[in-house]
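This briefing is for a reader who is meeting the structure for the first time.

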Amino acid sequence: MGKRIGISSVVQNVQDYLVITFGLVLYATGFTCFQLPYEITTGGLAGAGAVLFYATGFPVHYTFFIVNILLLCVAIKVLGWKFCVKTIYAVFMLTFLLALAKTIMMEVAANAPDGTYVISPQGLPQLVGNNGMFMSCVIGASIEGVGIGLVFLSNGSTGGTDIIAAIINKYRDITLGRVMLICDLIIISSSYFVLKDWEKVVYGYVTLYICSFVLDQVVNSARQSVQFFIISEKYDEIARHINVYPHRGATVINASGFYSGKEQKMLFVLAKKRESTIIFRLIKDIDPNAFVSQSAVIGVYGEGFDRIKVK
């Protein structure tokens with residue numbers, strides 16, 4: 001039994017790192033291909049690196065790596081190794097991917113026929129045209145949001161403001177989200193002193209909003225679960241079918257009607273939201289007169305659902 005649990009844990013960790021890597025690839029793509037060429041500043045440490053890049057030309061991935069290493073040294077001492085393992089992996093991997101994405105974009109700019117792309121002052125091609133800032137903002141932020149969402153789903157972190165927020169949260173009664181929002185707003189607003197263009201600052205705010213919205217959708221849609229309370233004379237048949245397909249458990253609860261005083265059985269079922277239609281159909285086929293209550297739940301943890309993850 002212990003060996004089986006150990007193997008399962010290794011497989012799950014491998015899956016987590018694969019998902020984190022894919023999420024980081026998406027983030028590096030959205031940031032380098034759609035944000036940097038238009039001088040749109042995002043939040044986080046990558047955004048701070050972008051501001052420095054616009055001002056001096058110093059590569060974003062170097063800034064990202066150096067500052068993260070300093071933050072990780074503090075985090076390891078304050079928060080412990082357990083918090084930092086996946087973050088260390090993400091920092092090294094994202095540093096590599098940001099450098100790779102920039103190299104590819106520079107190659108695209110160098111090898112493209114004259115007039116194919118508008119080239120930014122940093123030498124990066126503007127893939128959606130000179131007048132495509134809004135479209136680039138939306139596409140880049142959406143890709144970044146999906147990428148960060150996948151990283152968070154695997155209990156990972158891209159470092160930067162995540163680390164700062166976690167450290168402050170340990171000593172002060174302020175939420176992680178609020179600290180990260182404050183940091184992101186400061187970083188985006190500071191880009192005005194370099195770019196001298198409020199329009200690009202506003203696009204940075206739009207990027208922050210879209211990225212946060214998409215991130216929430218990715219995380220919440222993957223974890224959305226529902227619960228059913230089913231009252232039916234044929235509760236045993238319904239429970240058996242639910243157990244077979246969609247292969248969910250059912251708990252039988254003894255209940256009694258207040259008005260009728262009649263003793264009856266009630267089923268309690270937890271399932272993924274996407275399985276709701278299957279459950280409703282089989283209830284209708286077995287007992288069209290069944291009384292059914294469905295409601296959303298914030299999270300379900302345990303076998304068949306999400307793992308309990310605590311940093």
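A residue counts as buried when its relative accessible area is under 20%, as exposed when that area is over 50%, and as partly exposed in between. The model is predicted, and a salt bridge is taken here as a side-chain nitrogen of Lys or Arg within 4 Å of a carboxyl oxygen of Asp or Glu.

- K262 forms a salt bridge with E233, and the closest N and O atoms of the two are 3.0 Å apart.
- Because K262 sits in the loop between β4 (250–256) and β5 (263–272), while E233 sits in the loop between β3 (225–231) and α10 (235–244), the pair ties together parts that are 29 residues apart in sequence.
- K262 has a relative accessible area of 44% and is therefore partly exposed, whereas E233, with 57%, is exposed.

**The pair R240 and D236**
- Within helix α10, R240 and D236 lie four residues apart, which is about one turn of the helix.
- These residues, R240 and D236, form a salt bridge in which the closest N and O atoms are 4.0 Å apart.
- R240 is exposed, its relative accessible area being 51%, while D236 is partly exposed at 37%.

**The pair R248 and E275**
- A salt bridge joins R248 to E275, with the closest N and O atoms 2.9 Å apart.
- This pair links distant parts of the chain, 27 residues apart, with R248 in the loop between α10 and β4 and E275 in the loop between β5 and α11 (276–286).
- Both R248 and E275 are buried.

Notes
Residues numbered from 1 in each chain as written. Predicted model: local features only at pLDDT ≥ 70, side-chain atom pairs only at ≥ 80, totals over all residues. Heavy atoms only, no water. Helix = DSSP H or I, 4+ residues; strand = E, 2+ residues; numbered from the N terminus. Buried < 20%, exposed > 50% of the residue type's maximum accessible area, 1.4 Å probe, protein only.
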